[in-house]
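Hello,

Here is the structure I promised to pass on. My notes follow below.

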Amino acid sequence: MAESFSFYNSLTRSVDEFVPRIPGKVSMYTCGPTVYHYAHIGNIRTYIMQDVLVKALMYAGYDVKRVMNITDVGHLSSDADTGEDKMLAGAKREHKSVMEIAKFYTDAFFNDFCAVGNKMPDVIEPATACIPEFINMIEVLLDKGYAYQAGGNIYFDTSKLDDYYVFSSAIEKEQLEVGVRDDVEEDVNKKNKTDFVLWFTKSKFEDQALKWDSPWGVGYPGWHIECSCIAMKHLGKQMDIHCGGVDNMFPHHTNEIAQSESFLGHRWCGYWFHSNHLNDRAGKMSKSKGAVLTVSVLKEKGYDPLVYRFFCIQSHYRKPLEFSFEVLDNAAATFGKLIKRISELGEDGAVDDSVKKDYEARFREALSGDLNTSMAITVLYDALKADTNDATKLAIIESFDKVLSLDLLGHAKSLKEGASDIDPELLKYINEQIGKRAEAKKAKDFATADEIRNDLLSRGVEIKDTREGVKWQLI
Ligand SMILES: [Zn+2]
C-alpha cells in the first residue's frame, strides 16, 4: 500500500496530495535533452531532483514508469520558432553528420546523467522515431479546427482555447503577452502571437538537415509536438506527472497542454513538477554563454559527481540554487565528513527494526512533504546520532540511500579499505599506543594520554573517543 505523498503542482499552484489514476502506480513523463550540445550542470540539477522524486515515490510504495524523449530533430534555437537549427549548428561546428552529433551528445548526456546517481528512465524515445505519431496528432488538430495552414506551415491556433496560459497568474499573463509581442522576428503567418508551429514545410533554413514526407509536404515537426506524442505513445491518453525545469513552463509545457488536451478532448496530466534554475554568479546557467560546465568537467577537475548530487539535494528543488566552486568545495568537505562518520560504524549485532522503522517513517515524511530533501538529510544525521547500535545505523543508511543515491556505504567501504592499506608496522604501533593511552587515562594520567594523542597526530593518525570506544582514522 503506497503512502500519502504531496508536492507542489504548478497547475494548481499549491502543494497537492498526489492521487494517481491507478492506486499505487505512477506514470511520469520527463522532457529530455536536445542533443546538439552538452547538458550543463544546471540541466543535470533538474534531472537529479526528478530522480529524487521518482525514488521518493518508489520509497513510499509506488511503481513508477518514467518516459523521456530525446530531441534529435533539429528544432530551433529559441522556443519562439525563430533562430537557427541547433542540431545543424552543432553538426557544422564539428564537421559531423546530424545523426552522428545526436548519437555523440546522447551518449555524453546519459554518461553524466548516470554519473550523478540517476536511475535510467524506463523508456527513452528519440523524436526521429515518432514522425508518424506527430503527423497523426497534427491531422486530428486540423480536423478539429485547432490548427491551420499558413505560408506552408501548420500552426496551432491558441485563440481556440479559453485558458491558454495554464501556469500563469493574471499578472504573469500580461507580462508573457508583452514578451511574446516583443519577440524580435515576427512570423507573419501566425494569426495570434502565441500560435506555434506544429509542422514546418517552409523551413527558414535552406540546408535543414532532417526532413520527412507529410500530407503538407516535405518538412519537419515543431518541438512541442514531440513531448505530447511520445508521452501518449508510451503512457496512454492520460498520465500522472509531467516533469521539467521552470523555464519549460512557458511556452513549451503550455503548448504541450494546449495541443494534447485539444487532441484528446479531456484533461491530459494532473500534476506538473518543475524544478528551479541553477545560477552562477553571472546569472542563470545556459549553453549560450560559451564553455559548458558539465558533470564530466567537474569529474576532470577531481570532483566526485555524487558530491554534486549531494550539493543539489541539500537545497529545495523549488528554490534557485547558486553554484560556485567554493560552495561545491564546501559540499565536498561536508560529504567527506559524513563518509568518515559512516566508515567508523561497525557491524555490531542485530538491527533494531523498530528504531529503523521510526527513522524510515521520518525520512518518508520529509520527502512526502514537497520533497524536502534537506530535511531528509537532517534525518540521516539524526540517525547517525541515534541511541542505537551501529548495525541499525548502517541498515538505516542503506535504506535512505535508495533515494539519496549517494553510494554512502560504498564510499565508506573504500575509505576503510584505504585505511587498511596502511603499513602493518604503523598499524601495530597505533594499536599499541591506543592501548597505552587507555591505560594512562584509566590511571588519570591525562598528560601522557594527550602526549600519545599528539604523537599519533604527528604521524597523520587522528584518534577519537566515542561512545562505542576509541576510533582512529588517517588524516
Ligand atoms: Zn517537453
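Gly 460 follows α16 with a positive phi, near 85°. Helices here are DSSP runs of H or I, at least four residues, and strands are runs of E, at least two, both numbered from the N terminus.

A word on the source. This is a predicted model: local features need pLDDT of at least 70, side-chain atom pairs count only at pLDDT 80 or more, and totals for chains, interfaces and linings use all residues. Numbering starts from 1 along each chain as its sequence is written.

pLDDT is the predictor's confidence in each residue, from 0 to 100. The protein averages 89, and 92% of the residues score at least 70. Over residues 77-81, pLDDT stays under 50. The model has twelve contacts for that stretch beyond four places in sequence (C-beta atoms, placed from the backbone, within 7 Å).

Now strand β7, residues 153-156. Both of its faces are covered. Asn 153 and Tyr 155 on one side, and Ile 154 and Phe 156 on the other, are all buried (20 or more other C-beta atoms, placed from the backbone, within 10 Å of the residue's own). In a regular strand, side chains alternate between the two faces of the sheet.

β7 pairs (at least two DSSP bridges) with β6, residues 147-150, antiparallel over four bridges. Gln 149 stands opposite Ile 154. Two residues lie between these strands in the hairpin, where Gly 151 has a positive phi near 60°. Three bridges join β7 to β8, residues 196-200, also antiparallel. There, Ile 154 stands opposite Trp 199.

Best wishes

Terms used
A residue is buried if 20 or more other C-beta atoms lie within 10 Å of its own, exposed if 12 or fewer, and partly exposed in between; C-beta atoms are placed from the backbone. Two residues are in contact if their C-beta atoms, placed from the backbone, lie within 7 Å.
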